[in-house]
Amino acid sequence: MQNNMIDEIINTDKENLLEDTTFIVDIDDKNTRIDKYLSDELADVSRSRIQKLLDEGMITVNNNKVKSNYKVAADDIINVHIPELVVPEIVPEDIPLDIVYEDDDIIVINKPKGMVVHPAAGHYSGTLVNALMYHCRDNLSGINGVLRPGIVHRIDMNTTGVIVACKNDYAHNFIAQQLSVHSITRKYYAIVHNQFNNTEGVVDAPIGRNPSDRKKMAVDKKNGKRAVTHYRVLEQFGKFSYIECQLETGRTHQIRVHMASIGHPLLGDDVYGSGKSPFNLCGQTLHAGVLGFIHPTTKEYVEYSADLPEYFQKVISRLRNS
C-alpha cells in the first residue's frame, strides 16, 4: 500500500516487461481510441509508451499498422509486442550543486534551469540524480529504483528552485506521506501573459495523465485527476503579470496547465503557450521558491527557500522599466 502511494506521488512510468499479447475487442469497447483502449488494458504501461509502440509498428490491428487515433471495432485483433527496455548504466558525475540544506536524512537543492531531475529517455547524464550520486555516494533512498535514487518529487527541466532528495528510505516514506495528503508547502513564482482582474484566485480543475491531452484540452474534466492551484498577483506590467502560486496538489505541469487554462500561459512556455517572448527565454519562467515540510527526524516543520534566478530577475526589471 505504501509503495503504491509513493508511485502515484512521483507519477512514475514504471512498466512491467510483457511478452507478445493479443486482445480481441469487445463490442462494448468499439469506437475507443486504440491508445486509450490499450492504456486501460495494460495498466502498467503508460499511454505515451503505447503511442510510441504504435508509431514503431510494435502494435498491429488485424496485422495492419495503425495510428494512435485509430478507433477500435468489435472483434478487432490487436497484437502487442513490448520489447525489453535497455536501461543504460547511470553513473555519478561531478556536477556542482547549489545546496540549500543538508543533513543525514535529506538534501535540499536549488536546481538550475535546464537540468533534468532524473535520467529518462534522451537524458541519461547531466541530471540531478547523476550529481546526487556523486555528492551523496551510496547515501540515497532506493525506493524508486536505479533511475531515481533519492527522488521523491520533481520539477520540470526548465523550472528552477528548491527540490528535496532523501538519503534513506525512512525519510523518503515520511516525506512521501506528506505529499500524498497535500500537507507540504510549495510556493512557485511565475511571469504569465495578460493582466488579471482579480488579485487572487483558485484554479480547481482536473488534469489528464496523457501529455497530448493536457496540451490539447489544458484540463481534462472527464478523465483527469483533481488538481488545485492557488494564485496571488504580486505585480502587473502591461501585458504581463508576476504571480505567486501555491500548490494544493502536485500534478504534472500543474501550474503551466492551470494558468494556460484561464488565459494566462507562462511566459516562455513552448508547450502550453506560444513560447514566443521578447526575452530570448529557454522554456517557462517558473521558479520553485519555497518548500516546507515536517522533518523526518526532528518532526518539526522546516521551510527552505531559493532566490529568483538571475535571468528571472532581469526579465522583471525589464518589464518594470518598459
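## Elements and overall make-up

Helices (H or I, at least four residues) and strands (E, at least two) are taken here as DSSP runs, numbered from the N terminus. In those terms proline 309 has its place in the loop that runs between strand E13 (301–305) and helix H8 (310–321). The model described is a predicted one.

The protein chain holds eight helices and 13 strands. Of its 322 residues, 47% are buried. When contacts in the protein chain between residues at least 6 apart in sequence are considered, 68% of them join residues at least 24 apart.

In soluble globular proteins, nonpolar side chains tend to be buried together. In this model the largest nonpolar core has 47 residues, and the residues with the most contacts inside this core are Leu132 and Phe293.

Phenylalanine 293, once its neighbours within four places in sequence are left aside, is in contact with Ile106, Val164, Ile175, Gln178, Ile184, Glu300, Tyr301, Val302 and Tyr304. Phe293 also belongs to the lining of the largest cavity, together with Val164, Ile175 and Ile184, among others.

Rolling a probe the size of a water molecule over the atoms shows where empty space is left. With a threshold of 30 Å³ or more, the count comes to one cavity, and the volume of the largest cavity is about 30 Å³. Its lining is made up of His153, Val164, Ile175, Leu179, Ile184, Leu291 and Phe293. Helix H5 (169–180) and strand E12 (286–294) each contribute at least two residues to this lining, and the lining residues divide into six nonpolar, one polar and no charged.

Histidine 153, one of the lining residues, is located in the loop between helix H4 (128–136) and strand E7 (160–166). Because its relative accessibility is 9%, and buried means under 20%, histidine 153 counts as buried. The side chain of histidine 153 reaches the backbone nitrogen of valine 164 at 3.1 Å, and Val164 is itself among the residues that line the largest cavity.

Just after H3, glycine 57 adopts a positive phi of about 75°.

When residues up to four places away in sequence are not counted, leucine 247 touches Arg186, Tyr188, Val228, Thr229, Gln254 and Ile255. Leucine 247 and valine 202 are separated by 45 residues in sequence, and their C-alpha atoms lie 10.0 Å apart in space.

Proline 309, in the loop between E13 and H8, has a relative accessible area of 18%, which is under the 20% limit and therefore makes the residue buried. Aside from neighbours within four places in sequence, the contacts of proline 309 are with Thr160 and His287. Proline 309 and threonine 285 are 24 residues apart in sequence, with a distance from C-alpha to C-alpha of 10.0 Å.

Asparagine 62, although not a glycine, has a positive phi of about 55°. The residue is found in the loop between E2 and strand E3 (64–65). Its relative accessibility of 36% lies between the limits of 20% and 50%, so asparagine 62 counts as partly exposed.

Lysine 299 is likewise a residue other than glycine with a positive phi, here near 65°. Lysine 299 is situated in the loop between E12 and E13, and with a relative accessible area of 43% this residue is partly exposed.

Methods. Residues are numbered from 1 along each chain as its sequence is written. This is a predicted model: local features need pLDDT of at least 70, side-chain atom pairs count only at pLDDT 80 or more; totals for chains, interfaces and linings use all residues. Side-chain values use heavy atoms; hydrogens and water are left out. On a 1 Å grid over the protein atoms alone, a cavity is a set of points where a 1.4 Å probe fits but cannot get out, and a pocket is an open set with protein on both sides within 12 Å along at least five of seven lines; lining residues have an atom within 4 Å of a point. Grid points are joined across faces, edges and corners, and a volume is the space filled by probe spheres set on the points. Ala, Val, Leu, Ile, Met, Phe, Trp, Tyr, Cys and Pro count as nonpolar, Asp, Glu, Lys and Arg as charged, and the others, Gly among them, as polar. A nonpolar core is a set of buried Ala, Val, Leu, Ile, Met, Phe, Trp, Tyr and Cys residues joined through side-chain atoms within 4.5 Å. Buried means under 20% relative accessible area, exposed over 50%, partly exposed in between (1.4 Å probe, protein chains only). Contact means heavy atoms within 4.5 Å. A polar contact is a pair of N or O atoms within 3.5 Å; within protein, one must be able to donate a hydrogen and the other to accept it, and residues adjacent in sequence count only if both atoms are side-chain atoms.
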